[in-house]
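The following exercises are to be worked through with the sequence and the three-dimensional structure at hand. Each task is followed by a solution in steps.

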Amino acid sequence: MDPLGVMWGKSNAGGSMHLLIAHLLDTAAVAELIWDRYLAPSVRDALDRCAAGQGRALVALVCGLHDVGKATPAFQVKDADLAAVVRAAGFGWREPMQSSRWHHSLAGGLIVRDALRRAGWPRRNVNWVWPLVAGHHGRVPGADKLELPDRQVHGRGGWPAAQQAFLARVQAELGVDLRDFADIQVPTQAVQLVLSGLVVMADWVASNDAEFCGISRLDEVSMAASRHRASKAWDALMLRGGWSADVLDPGRTAGGRDLIRQRFGKSSRASQRQVIEQAERMSEPGLLIVEAPMGEGKTEAALAAAEVLARRFGADGVFVGMPTQATSDPMFGRLRRWLAAIDPDVPVALLHGRSRFNKEWMQLRRSARFQGVGDEFELPEEFGPPARLGGPTSCCPDGTGVAAAEWFLGRNRGLLAPVVVATVDQLLHAATRSKFVMLRHAGLAGRVVVLDEVHAHDIYMSQFLAEALRWLAGARVPVVMLSATLPPAMRAALVRAYAQGATSVRDVEVVLADDPGYPRVTSVVGATAAAVSCASWRQSIQVQVEVLAEPPDFAPETVSNFVVDEVGDGGCALVICNTVARAQAVYREVRAVIGDDAVLLHARLTAATRADRTQRLVTQLGAGVTRPTRLVIVATQLAEQSFDVDVDLLVTDLAPIDLLLQRVGRLHRHQRDPADRPERMQTPRVVVSGVRLDGPSFPRGSSHVYGDHLLLRAAALVHQATLDGGWSVPAQVPDLVAAGYGDYSLGPDDWASRMATAQANHEWSEGERAAAAKQFLLVGEQDFGAPTLAGLHDRHSADLDSDEKVAAVVRDGDPSIEVVLVRREAGSYLTLAGRPIGPHGEGVTDDAVLDEVTSATVRLPPHNDLTQAALATLAPLSGWAFDPWLRRTRALVIEPELSVALGRYLLCYDTDLGLIVERVS
């Protein structure tokens with residue numbers, strides 16, 4: 001009997017067995033659509049160069065062969081009834097069949113490898129293609145993993161001939177011959193990883209049993225039928241790529257026109273024109289590092305440059321990475337407005353843990369529908385199988401944009417959306433040796449990557465950022481990086497990493513010119529780097545620097561008393577504390593005196609409260625508005641980045657100098673009539689708290705967050721500023737940052753011993769942290785440049801099996817848990833606001849109630865013992881199983897007094913102060 005008519009690929013695809021050959025052809029047909037309707041021109045060009053113009057056929061062929069390892073006894077025995085049919089057809093096997101080393105993807109890699117050898121392929125080409133098949137379940141193995149027992153692969157009877165029949169049928173249906181591709185070129189590792197991701201993508205789309213129901217009759221199988229099914233599925237899933245090339249006509253972005261004015265309605269500044277000019281001058285995809293003061297218009301310049309780079313190098317979308325969830329939300333709105341001027345129909349996605357609470361994003365999401373991808377892909381479901389929702393599909397009701405298809409928003413798939421705003425973690429995850437990392441690279445290929453607030457990355461995260469740059473450069477992805485305050489050593493490291501990827505040379509030498517000025521733009525093409533600078537659009541201002549005299553215990557009353565005295569007759573002040581506990585304590589004291597004129601903002605407020613307060617403050621203190629007569633904001637580092645408020649007075653705990661300067665960026669941020677500021681606040685003034693210069697010393701929380709070395713160097717610069725009359729901002733920013741991260745002596749002579757000790761400890765710690773990061777890097781600098789993907793996942797990958805673990809890895813900290821606060825009274829559950837939701841939490845089907853429940857989301861502090869207690873004891877309420885988001889979210893059930901014990905901690909929620917965490921044992 002013909003093996004193609006009995007060997008199955010899926011035991012139940014929409015209620016019916018699905019023949020293996022049908023699934024292979026379905027996947028090949030989807031691959032053709034990915035090429036035709038999804039891939040950016042730059043990716044198609046890269047694959048065409050590899051395959052001498054036959055990139056489409058190569059992609060379809062590899063995808064069509066991805067599951068050939070299922071034509072083996074070890075797979076066909078998995079379903080007893082279907083196995084009996086296979087055995088009756090003359091294909092036998094010897095028991096036992098299963099082993100811990102077995103997987104059909106490995107068998108597929110083995111079968112394809114041997115087939116390529118027989119087709120006369122040279123070893124170099126065989127060795128980069130078989131890992132694409134062997135790794136399609138998310139981890140790329142080494143060649144040793146293909147040494148499978150013969151009984152599992154070849155069994156008894158005609159198994160080898162059957163496998164050849166599958167290979168031959170796929171080739172025949174596609175009209176190709178393996179021998180035609182023997183002389184293809186070996187692409188870079190980065191392009192190989194992109195192709196690996198496309199194989200996974202095609203497999204997952206073709207495994208959607210709602211659109212690809214099972215076919216059990218061989219006479220119903222054909223490439224024409226699979227192409228028809230694939231086209232219907234593609235449309236039903238609302239899949240598509242980014243903008244088309246014709247929307248980026250050169251006449252719209254070049255020829256002397258002001259692109260900033262075209263896109264943003266205001267004339268360009270010199271620094272913005274400089275960024276666009278450097279993008280126009282690049283001879284091939286490269287890296288732009290834009291360093292400019294806060295408020296210079298870096299974001300607009302970056303988006304304009306992204307448009308230029310996309311036009312010139314064939315990209316069809318953009319990924320924008322922001323440092324935090326709070327900074328991602330406003331960027332989402334800005335990006336959509338920019339996109340509307342280019343192509344309003346391009347799907348866009350907002351990716352971060354709290355995107356559900358972004359109203360603009362959720363308005364778009366309501367137009368999409370959920371489509372599952374089956375249960376075959378080893379995506380762990382801790383609390384049960386995923387729910388499925390139905391509903392109509394359409395564009396956004398207001399006609400202003402389109403949400404990315406729901407299919408793109410499943411686990412590991414977010415970066416496949418054409419336009420994405422996300423936390424930078426999404427990019428850093430692509431630099432880890434995590435499962436299905438190839439999907440992230442398939443999404444990033446053909447885009448322009450824009451990374452904002454790059455200065456926020458420490459040495460640990462910088463390892464992942466450098467690794468990501470190497471892979472992006474290898475895939476010819478243009479990158480634009482923005483920073484107000486970038487240490488020179490970090491700039492050099494980023495330039496070198498991109499040059500390594502672009503040249504495939506680990507020890508590449510890049511000559512980086514001395515700092516030419518500020519603002520500056522550094523461009524990197526291949527191993528060549530150049531920097532240009534210009535004057536800032538506004539003059540520097542002299543910022544007065546003072547140090548608040550605090551007692552040795554750094555009692556919060558000192559800060560609160562000072563601020564209350566300063567704003568007694570009016571004025572807007574911002575107080576930034578380095579820890580939530582200190583911010584809560586300072587706020588209590590301030591509010592006791594000035595009441596509702598005080599506002600608290602930190603990360604342990606519920607999502608809704610934090611969003612509402614942030615929006616209200618930005619509205620009250622933004623540009624061109626009449627500000628309150630008196631207002632004191634007490635905040636944590638949330639106020640450090642992308643927090644567009646203009647205050648008269650800044651009081652801030654000491655922080656590393658670049659972050660301190662970021663905080664200064666909120667001070668006299670906008671031009672105002674002098675009458676709009678109190679007379680005593682006409683001069684910009686920063687008062688540094690959280691430091692005593694006799695020692696010096698800092699609160700324990702500050703030392704824990706930042707370490708003594710960078711705080712000491714910042715303290716030295718602050719001390720000098722008190723003697724010199726302050727800082728000229730932004731003129732002095734580059735020199736201050738260079739000094740804060742330099743290795744030469746700073747501060748008074750009697751600090752020398754303390755600073756030397758702190759520097760030695762810092763260098764040791766940084767070395768340890770860099771080494772710790774390297775074990776999780778996708779490849780790492782030392783192993784960079786291998787010819788194939790083989791063995792990519794063979795080390796240190798098994799423990800990166802959840803998003804929370806990967807997030808903790810790239811952020812170098814204990815995993816933190818997000819929970820939903822619900823109340824329990826009289827055996828039933830209530831929302832935090834007091835609305836009943838039933839004895840099992842089931843009463844959340846109404847949208848208003850659901851919004852009320854999810855708005856009470858809060859993140860626990862990342863204390864390892866608290867996290868472990870939460871993981872061990874918290875789970876979703878049983879009534880939440882219907883909701884795809886709630887069913888993955890742990891409920892923190894609090895008693896009527898809004899408190900609960902969790903492990904060694906007492907957690908209390910105060911509607912004003914937020915989550916209060918106290919260790920009790």
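**Exercise 1. Cis peptide bonds**

Task: In which loop is Pro696 found, and what kind of peptide bond joins Gly695 and Pro696?

Solution. The model is a predicted one.
Step 1. Pro696 sits in the loop that connects strand 19 (685-689) with helix 26 (700-706).
Step 2. The bond between Gly695 and Pro696 is cis, and its omega is about -20 degrees.

**Exercise 2. A sheet and the helices across it**

Task: State the strand order of the open sheet of 7 strands, and identify its edge strands.

Solution. 
Step 1. The order of the strands is 16-17-15-18-19-14-20, with mixed pairing.
Step 2. Strand 16 (598-601) and strand 20 are the edges, since each of them pairs on one side only.
Step 3. From one strand to the next, the twist averages 20 degrees.
Step 4. Strand 14 (residues 541-547) and strand 20 run antiparallel and are joined by 3 bridges. Ile541 has Val729 of strand 20 as its bridge partner.
Step 5. Helix 24 (residues 607-621) lies across strand 15 (571-576), strand 16 and strand 17 (630-635); its direction makes an angle of about 130 degrees with strand 16.
Step 6. Helix 27 (residues 708-724) lies across strand 14, strand 19 and strand 20, at about 110 degrees to strand 14.

**Exercise 3. Nonpolar cores**

Task: Which residues touch the most other members of the largest nonpolar core, and which helix gives the most to this core?

Solution. 
Step 1. The largest nonpolar core has 200 residues, and within it Trp121, Trp243 and Met481 touch the most other members.
Step 2. Helix 10 (residues 189-206) makes the greatest contribution to this core, with 13 residues.
Step 3. Another core, of 74 residues, lies apart from it; Tyr518, Ala716, Val729 and Leu736 are among its members.
Step 4. Beyond four places in sequence, the residues that Trp121 touches include Leu116, Val126, Phe181 and Ile184.
Step 5. As a general rule, in soluble globular proteins nonpolar side chains tend to be buried together.

**Exercise 4. Buried or partly exposed?**

Task: Decide whether Ser196 is buried or exposed, and do likewise for Arg476 and Leu898.

Solution. 
Step 1. Ser196 is part of helix 10. Its relative accessibility is 0%, so Ser196 counts as buried. Apart from neighbours within four places in sequence, Ser196 is in contact with Leu132, Met438 and Leu789.
Step 2. Arg476 is placed in the loop between helix 20 (459-474) and strand 11 (479-483). Because its relative accessibility is 39%, Arg476 counts as partly exposed.
Step 3. Leu898 lies in the loop between strand 25 (890-894) and strand 26 (899-902). With a relative accessible area of 18%, Leu898 is buried, the cut-off being under 20%.
Step 4. Arg476 is a residue other than glycine with a positive phi, near 60 degrees. Leu898, likewise not a glycine, has a positive phi near 65 degrees.

**Exercise 5. The span of a helix**

Task: How far does helix 1 (residues 20-37) reach from its first C-alpha to its last?

Solution. 
Step 1. Helix 1 has 18 residues, for which 26 Å is expected at 1.5 Å a residue.
Step 2. Helix 1 reaches 25 Å, close to the expected value.
Step 3. Helix 1 is mostly covered, as 16 of its 18 residues are buried.

Conventions: Residues numbered from 1 in each chain as written. Predicted model: local features only at pLDDT ≥ 70, side-chain atom pairs only at ≥ 80, totals over all residues. Heavy atoms only, no water. Core = buried A, V, L, I, M, F, W, Y, C linked by side-chain atoms within 4.5 Å. Buried < 20%, exposed > 50% of the residue type's maximum accessible area, 1.4 Å probe, protein only. Helix = DSSP H or I, 4+ residues; strand = E, 2+ residues; numbered from the N terminus. Contact = heavy atoms within 4.5 Å. Expected span 1.5 Å × (residues − 1). Pairing = 2+ DSSP bridges. Axes fitted to C-alpha atoms, helices over the stretch in contact; angles between N-to-C directions.
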